[in-house]
Amino acid sequence: MAKVLVAITTSIDGYVAGPDDGPGKGLGEGGERLHYWVFGGPWTYDEDALGEPAGEDAAWLEKAVSRSGAVVGGRWTYEAARHWGDLNPWGMPFFIVTHRPEEQPPGAEFTFVSGVQEAVDRAKEAAGGKDVNLMGGADVIRQALDLGLVDELTIIVAPVVLGGGKRLFEGFTKSLELEHIGVRQSPYATFIDYRVKRS
């Protein structure tokens with residue numbers, strides 16, 4: 001049965017983006033350090049050529065992508081990433097949660113939907129029996145957790161202290177019980193996988 005998987009990178013002090021995140025600075029000031037694991041080492045927003053993940057980073061990412069048949073993301077993430085140049089970076093159905101679904105961009109790269117529940121339902125249908133990767137941002141992840149839609153949660157901890165920005169669980173008041181199901185370690189991140197227990 002298809003699962004809804006969430007994975008997000010956080011700093012040691014609990015921030016998933018540094019201060020002043022937005023278009024061209026999707027991870028905020030200093031937030032590039034959160035995703036060194038994705039690009040094989042240091043990078044900046046000003047660089048065009050980015051590296052590739054290696055070792056445990058690449059192994060975790062390859063497994064996550066191979067399990068997924070569709071992706072759900074939030075409008076803020078979509079805007080902050082500058083629409084990924086209007087090209088779907090995942091190569092599979094990609095649903096964007098937005099309050100303005102009527103602003104659907106032309107072409108079939110992304111599908112705008114009006115809520116997290118609808119996005120997950122449509123992604124499951126489009127995934128062809130594979131899992132759904134709910135990539136965030138933080139608000140979309142909180143909504144999905146609150147609705148009880150998430151089966152597995154991976155917290156990727158980058159060895160950095162940002163000192164400010166956006167927190168994953170800011171304002172989240174629901175109690176969650178998690179079961180530890182795996183861990184990977186690399187020079188750039190620690191991947192902690194949990195199963196979200198149903199009450």
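The second largest pocket is lined by 15 residues, among which Trp60, Arg67, Glu152, Thr154 and Asp193 lie nearest its centre. This is a predicted model, in which local features need pLDDT of at least 70 and side-chain atom pairs count only at pLDDT 80 or more, while totals for chains, interfaces and linings use all residues. Residues are numbered from 1 along each chain as its sequence is written, and side-chain values use heavy atoms, with hydrogens and water left out.

**Second largest pocket**

- The volume of the second largest pocket is about 280 Å³; a volume is the space filled by probe spheres set on grid points that are joined across faces, edges and corners.
- A pocket is an open set of points on a 1 Å grid over the protein atoms alone, where a 1.4 Å probe fits and protein lies on both sides within 12 Å along at least five of seven lines; lining residues have an atom within 4 Å of a point.
- At least two lining residues each come from strand 1 (4-11), helix 1 (55-67), strand 7 (152-158) and strand 9 (178-185). Helices (H or I, at least four residues) and strands (E, at least two) are DSSP runs, numbered from the N terminus.
- The lining of this pocket comprises 7 nonpolar, 3 polar and 5 charged residues. Here Ala, Val, Leu, Ile, Met, Phe, Trp, Tyr, Cys and Pro count as nonpolar, Asp, Glu, Lys and Arg as charged, and the others, Gly among them, as polar.

**Strand pairing**

- Strand 7 and strand 10 (residues 190-196) run antiparallel and are joined by 6 bridges; two strands pair if DSSP finds at least two bridges between them.
- Ile155 has Ile192 in strand 10 as its bridge partner.
- Strand 10 also pairs with strand 9, in the antiparallel sense, over 7 bridges.
- A hairpin of 4 residues connects strand 9 to strand 10, and Thr190 in strand 10 is the bridge partner of Gln185.

**Helix 4**

- In helix 4 (residues 138-146), the buried residues are Ala138, Val140, Ile141, Arg142, Ala144 and Leu145. Buried means under 20% relative accessible area, exposed over 50%, and partly exposed in between (1.4 Å probe, protein chains only).
- Gly148, which follows helix 4, has a positive phi near 75 degrees.

**Salt bridges**

- The whole structure contains 15 salt bridges, a salt bridge being a side-chain nitrogen of Lys or Arg within 4 Å of a carboxyl oxygen of Asp or Glu.
- One of them joins the side chains of Glu56 and Arg184 at 2.7 Å, N to O. Because Glu56 lies in helix 1 and Arg184 in strand 9, this pair ties together parts that are 128 residues apart in sequence.
- Glu56 is partly exposed at a relative accessible area of 35%, and Arg184 is partly exposed at 25% relative accessibility.
- Glu118 forms a salt bridge with Arg122, with the closest N and O atoms 3.6 Å apart. Both residues lie in helix 3 (residues 116-126), 4 residues apart, about one turn of the helix.
- The relative accessible area is 30% for Glu118, which is partly exposed, and 36% for Arg122, which is partly exposed.
- The side chains of Lys197 and Glu177 form a salt bridge at 3.5 Å, N to O. This pair links distant parts of the chain, 20 residues apart: Lys197 is in the segment after strand 10, and Glu177 is in the loop between strand 8 (166-167) and strand 9.
- Lys197 is partly exposed, at 40% relative accessibility.
- A network of salt bridges links Lys3, Arg67, Asp131 and Glu152. Arg67 and Glu152 are also among the residues nearest the centre of the second largest pocket.
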